[in-house]
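Good morning, and thank you for coming. Please look at the sequence and the structure on the screen while I take you through them.

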Amino acid sequence: MRARNVALALMLIASPLGAQRDVDGLSVGRQMLAEDNPGELWVQRGERLFYEKRGPKGASLERCDLGLGPGKLEGAFAQLPRYFADTNTVQDLESRLLTCMVELQGVKREEIVANRFGTLDKDSDMEALVSFVASKSNGMKMNVPLAHPKEREVYKVGEYLFYRRSGPLDFSCATCHSDEAKRIRLQDLPNMTDPKQVQAVVSTGWPAYRGTQASVRTMQHRLYDCNWQMRLPDLGYASEMSIALTSYLNHRGNGGVIQLPGVRR
Amino acid sequence: MSEPMRIRATVQGDVADVRILMRHPMETGQRKDAKGEIVPVHFIQNVVVTHNGRTVVDAQWSQAVSRDPFLGLRVKGAKAGDKITVTWTDNKGDKRTDEATIVAAS
């Protein structure tokens, strides 16, 4: 009897503490990881790849124009996606790097796309390059332009896609990302209708080192995975749809102070 | 070819805080690759950290240590400008040495 009372008392004490831990336990772990983010190893490798002469044309990416002029990397990520006159499209960081690698280095597009997400057996060059370029905007504020008509158009498409329900589960992005305190298992889902939370996602969220995957993952991967989670057909790498969603989110995250790569589960 | 380590060393008082990130697959010998074949064991066996040439850590590691390992330690009697070198050797005989200079904590 007495033992049972003690057990009951312990349960009563334990439950509020348990609830507390759900909120804070994960963020403590993330904080510890962030201090020595393994993503820094991807930044280091990305820097080497960026300046190394590679591909059939034996060229580096130093002449790659990411929106601020050839080779200008500081602040480039903060203003992407944006309109590029040479391709006459709006491009995000990854599709722009893809263009540069194809045009400047002569690498085959299919080759890059096949190796867009690294595995335990093979690292992805793209993930390293994205980490490096994004980290060059650290400390700056997101400032994605909507000046060109194409940029406005793509933004509108992104907004439409964000709210459009489709697929066998009839999900839209907004189903999971337009309400407070939603989660998938233990992962808190950001509410993208709250400016503060969008800012956090686009300026400190992706690219991020993912502990469970032992690799840096990019925004393209995040969107690809979201699509899969909604049981939609595979989202094409650097596709118009992925860029439209990135454009919508990144523009709405304007003002967020960049600190990348991030750390995620 | 192995990737460089990332070493940060900051000193406060006479104690240096040394943080080392290493890039290594640390294969346990139990994982199977995409073709279903076992990936041979490949891990860092020995890590040596020196402070101005004096060995402060000489560690034997096993395959139980994670991929891309992190090692943190504090070194007494350090001052700004001192050299920290880290050397790892893995079970295939691959070796890597990187050096960093201790800086004053901001």
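**Two chains and their parts**

Chain B has zero helices and eight strands. Helices and strands here are DSSP runs numbered from the N terminus, a helix (H or I) having at least four residues and a strand (E) at least two. Before I continue, please note that this is a predicted model, in which local features need pLDDT of at least 70 and side-chain atom pairs count only at pLDDT 80 or more, while totals for chains, interfaces and linings use all residues. Residues are numbered from 1 along each chain as its sequence is written, and chains are lettered from A and ligands numbered from 1 in the order in which they are written.

Read along the sequence, the pattern of chain B is β-β-β-β-β-β-β-β. Its C-alpha atoms fill a box of roughly 55 × 25 × 25 Å along the principal axes. Of the 106 residues in chain B, 24% are buried; a residue is buried if 20 or more other C-beta atoms, placed from the backbone, lie within 10 Å of its own C-beta atom, exposed if there are 12 or fewer, and partly exposed in between.

Chain A has 10 helices and seven strands. The C-alpha trace of chain A spans about 80 × 35 × 35 Å along its principal axes, and 38% of its 265 residues count as buried.

Next, contacts: two residues are in contact if their C-beta atoms, placed from the backbone, lie within 7 Å. Among contacts in chain A between residues at least 6 apart in sequence, 69% join residues at least 24 apart. In chain B, residues 24 or more positions apart account for 57% of the contacts with a separation of 6 or more.

**The sheets**

I begin with chain B, where four strands form an open sheet in the order β5-β2-β1-β8, with mixed pairing. Two strands pair if DSSP finds at least two bridges between them. At the edges are β5 (70-76) and β8 (103-104) of chain B, each of which pairs on one side only. Strand β1 (residues 6-12) and strand β2 (residues 15-21) of chain B run antiparallel and are joined by seven bridges. One example is Val11(B), whose bridge partner in β2(B) is Ala16(B).

Chain A has an open sheet of three strands, in the order β6-β5-β7, and its pairing is also mixed. Its edge strands are β6 (215-217) and β7 (262-264) of chain A. Strand β5 (residues 208-210) of chain A pairs with β7(A) in the parallel sense over three bridges, and Ala208(A) stands opposite Gly262(A) in β7(A).

**Helices in chain A**

How are two packed helices described? By the angle between their axes and the distance between the axes. Helix α6 (residues 149-163) and helix α10 (residues 240-252) of chain A pack at an angle of about 95°, with their axes 7 Å apart. The axes are lines fitted to C-alpha atoms, for helices over the stretch in contact, and the angles run from 0 to 180 degrees between N-to-C directions. The two helices, α6(A) and α10(A), are therefore roughly perpendicular to each other; that term covers 65 to 115 degrees, whereas under 35 is roughly parallel, over 145 roughly antiparallel, and the rest oblique.

Now consider helix α3 (residues 93-103) of chain A: nine of its 11 residues are buried, so this helix is largely enclosed by the rest of the structure. Among the buried residues are Leu93(A), Arg96(A), Leu97(A) and Cys100(A). The cover over the buried residues of α3(A) includes α4 (109-114), α5, α9 (219-229) and α10 of chain A.

**The nonpolar core**

In soluble globular proteins, nonpolar side chains tend to be buried together. A nonpolar core is a set of buried Ala, Val, Leu, Ile, Met, Phe, Trp, Tyr and Cys residues joined through C-beta atoms within 7 Å. The largest one here has 72 residues, of which Phe77(A), Leu97(A), Leu129(A), Val133(A) and Ile20(B) touch the most other members. Helix α5 (residues 125-135) of chain A gives this core its largest share, seven residues. Leaving aside residues up to four places away in sequence, Val133(A) touches Leu66(A), Leu73(A), Ala76(A), Phe77(A) and Leu93(A).

**Where the chains meet**

Finally, how many residues of chain B are in contact with chain A? There are 12, and they meet nine residues of chain A.
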